[in-house]
Amino acid sequence: MFRQSRTIITKLRNLSLQCSWRSRGSSAVERALKYTTGQKIHGFTVTEVTAVPDLFLTAVKLNHDVTGAQYLHAARDDTNNLFSVQFRTTPMDSTGVPHILEHTVLCGSQRFPCRDPFFKMLNRSLSTFMNAFTASDYTMYPFSTQNAKDFQNLLSVYLDAVFFPCLRELDFWQEGWRLEHEAPTDPSSRLVFKGVVFNEMKGVFSDNERLYAQHLQNKLLPDHTYSVVSGGEPLAIPDLTWEQLKQFHATHYHPSNARIFTYGDLPLEQHLEQIEREALSKFDRTQPDTAVPPQTPWNKPRIDHVTCSSDALAPDPVKQNTLCMSYLLGDITNTFETFTLNLLSSLMISGPNSPFYKALIEPNIGTDFSSSTGFDGSTRQASFTIGLQGMAEDDCEKVKHIIAQTIDDIIATGFEEEQVEALLHKIEIQMKHQSTSFGLALASYIASCWNHDGDPVELLKISESVSRFRECLKENPHFLQEKVRQYFKDNTHQLTLSMSPDEKFLEKRAEAEEHKLQQKIQSLTDVDNKDIYEKGLQLLAAQNTIQDASCLPALKVSDIEPTIPFTPVQLSAAGGIPVQYCEQPTNGMVYFRAMCNLNSLPEDLKIYVPLFCNVITKLGCGELDYRQQAQRIELKTGGMTVSPQVIPDTDDLDLYEQGIILSSSCLERNLPDMFQLWSDTFNSPHFNDEERLRVLVMMSAQELANGISFSGHSYAMTRAARSLTPSADLQETFSGMDQVKFMKRIAEMADLTSVLRKLPRIKRHLLNPENMRCAVNATPLKMADVQGEMERFTQNIAANRKERKPVRQNIVEKSLDAHTESAASRKLISEPNFKPCQMKTYFQLPFPVNFVSECVRTVPFTHTDFPSLCILARMMTAKYLHGEIREKGGAYGGGVRLGAGGLLSFYSYRDPNSTQTLSAFRGGVEWAREGKFTQQDVDEAKLSVFSAVDAPIAPSDKGLGRFLNGVTDEMKQTYRERLFAVTDKNLIDVAGRYLAVGQQTHGVTILGPENESIRKDPSWVVK
Ligand SMILES: [Zn+2]
């Protein structure tokens, strides 16, 4: 995977706590405090032990005596243990060498020489996360798991992969690039470029936002490694040789250039012992020359311009320009300065009260901020970028002027105190909220700073930074304004970069690729040609041989817990509205959800539901205009969101619940304020500001259009499912290509008053207590208060209660509590006469790669065949489709999954092929029907399914499956027992009965470039 910069504030958002809900006895945090500086453990020396009470952890810093490898352990009472090793990889060309190396080391190592041990471990482990990333200046390999044995297994595989990889020539061709005959077995077919990274990067740069961000970094920091593309520029990739790859590994993947991070409640000694024994003891010290020197500052600003492909789905086709100004800031190893600049950036751009939002977004010059906008701390020196996307070329000068003027205004007037308070409140919430992937969030939070030899422990002391920030403000009321002057007004290292679409962009790109190809081909001798043909066959043969993975460690099915712990909930009512209370160690937070069905909403308004959800908490309510409302939400809550929901029934594919879910959280002390905000939203939302609505519509249309190149497989799957069940049809309306096109149409409307007038009509049906049920998760101590507040809230909104006739006739009621005769129920829509039908749809889009999906209607969740289908899907993905679609086909990814709604969806991601991939899907079914798999394959698929079933659930989300989908713990346990019981015969049986041609209805969708054979084929609908 190739990762581009993200701002620290995004990382902070994920940095949330998982407090100890296992016994406190002798906690990991306390045990770690007993280490002393200077202590020697298994070849390491402890250099620092620090308690970080804010994050409930103890940080232990160590150095490896011989190699100098740096080590940080964060001891915390969290069972989701994490390991990560990162290397400073600072390439000086755009061949993508660090990225191709990242892929290739995962292809087999000395102790584990089988092909692709990394992907194979996905099926032999209960890992909660496994991945690898290439950033601009480091490469990171993290995994997490809750099982101690699994941790040791994965650690062995990861250490061997990075330190002792095979790096075979064959792996380099497969993952990097190669010249090969289009049909490898046919030497008369033409030669083309192939390779996983080659295709992946073509896909990455088909996304204009990514393209722009890459140019911006290259041009703002032109002196060293940031001037090249670490992931690989597609046309430079074919310049890389296998020798260069091995050389890069030898110099960069050395312990002396490594930083190792472990996290969780497992003992540190064990980790150190294993890391020393299996890896570090085999190395000496080197002097890696990988540091990034500071960029020489410019003495005057620079201006540059780049081009991109034009976007058929852009809200306004003539407004497709991007313009940003980017400023180079200080060194990220200066933690407090970085913290301050990060906060300052948020104050300048976040939310409708920020100066840049007022100056740039509200006048409607562009559709939204450019996605590069904000603080970026991923490079050695941080930067701040501000600008717009979706604007007309003529407006460029105007935008530059506004940016300069806004900076002057900020220097003159500063920020309101309440804005600063709202931001600091946000940080408090982020520290309190508990997520299930805390270790991973921590690893990526410290990665960049540590990579440049900054102090990672310093970064963790967040509340110390907050106090120091408050002091600075108190001592000097102009503290922030002076920073703005220093870093923006008086900073000559600034870049203005514009990007405009070029009609011929893709054509030129294809030409350049063809030119490169011809260059390579012309230099080939007869011997080379013969070699290429033979290597192609060799690779094909290697891909076709059955793999012996027995060298890899594995958990057994018997290592999986046979039963699940039950989550008690209390079902009650407040003001006649059903409420589910769930007591959880939420660390002083309260989580509220409400589900409202939309059964009485007229059909023609349904397509507006996502738009309604998007704007209902952003237009103002009660006494508050939209700015005050935004401020209040930031100051008192962890956010308030509303989103559409389509919930397929667990027993019947033609039955589903439709509605919206309201969701918010707050610190316990702000509970009354949070409910006041919801009451005002129900009682007196504002629907009178067309200009405000236009801003929100443009942003949302732009976001949808931008998302397609990244989530093309989701759009393809949603569309392919559309004609198979009634719930999938509604899902397409809410979140598929139909919705993207609908929002584009709305964004193009000159007058939005007709849309504005629809919102109160929708509100009457959706925000109706008659159709509502609620759920709250909070600590046991707070529950009594919560119940009181719920009573008050339901009284406050009672006037909106109205019985309305449902639009559809067939309503099926399902009790919320299966055990007692409770009156409260979910009201589902039944469509017993729904006729699934076959549909093949092609969306022609300006991408150089395809997203292919085929969807099959199977059975609902409680059906006895559901567990077999689920395991079958996992097994086909790992044992057949991965090889066909990724290894042979050159796609970035592909597989098949079974959704809760009983739809089995095949998919491929960033795929050079289109209809061939459909054949691969069918090949997978035949493979399964013929039983060409082993008991080991079945067991591995089970492990893999259980690692998803048993993924940790945060206290904020416990009990939600029951509240939303009606899936009780008893149902989960039954499902679990059925999963254990699945046999190879069951798999062959369901593959034949459900997936074979002619058995069940299929839907097919492809998103991709112009495709002549499909255009000529009348069985396809081309859009
Ligand atoms: Zn990649």
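Predicted model: local features only at pLDDT ≥ 70, side-chain atom pairs only at ≥ 80, totals over all residues.
Me: Why do the buried residues of α17 line one face of the helix?
Reply: An α-helix makes a turn every 3.6 residues, so residues three or four places apart point the same way. I462, S465, V466, F469 and C472 are the buried ones in α17. They line one face because, looking down the axis of α17, they fall within an arc of 120 degrees.

Me: How far does α17 reach from its first C-alpha to its last?
Reply: α17 covers residues 462-475, which makes 14 residues. At 1.5 Å a residue you'd expect 20 Å, and the helix comes close to that, with a reach of 20 Å.

Me: D368 is buried with no salt bridge, so which side chain of opposite charge is nearest?
Reply: D368 sits in strand β14, residues 368-369. Leaving aside neighbours within four places in sequence, its contacts are I361, G387, L388, Q389 and M699. A salt bridge needs the charged atoms within 4 Å. The nearest side chain of opposite charge is 9.8 Å away, and that's R692.

Me: In β30, what is the bridge partner of Q844?
Reply: β26 (residues 839-844) and β30 (residues 1002-1008) run parallel, joined by 6 bridges. In β30, Q844 is partnered by G1008.

Note on methods. Residues numbered from 1 in each chain as written. Heavy atoms only, no water. Helix = DSSP H or I, 4+ residues; strand = E, 2+ residues; numbered from the N terminus. Expected span 1.5 Å × (residues − 1). Buried < 20%, exposed > 50% of the residue type's maximum accessible area, 1.4 Å probe, protein only. Arc of directions from axis to C-beta. Lys, Arg positive; Asp, Glu negative; His and termini not counted. Contact = heavy atoms within 4.5 Å. Pairing = 2+ DSSP bridges.
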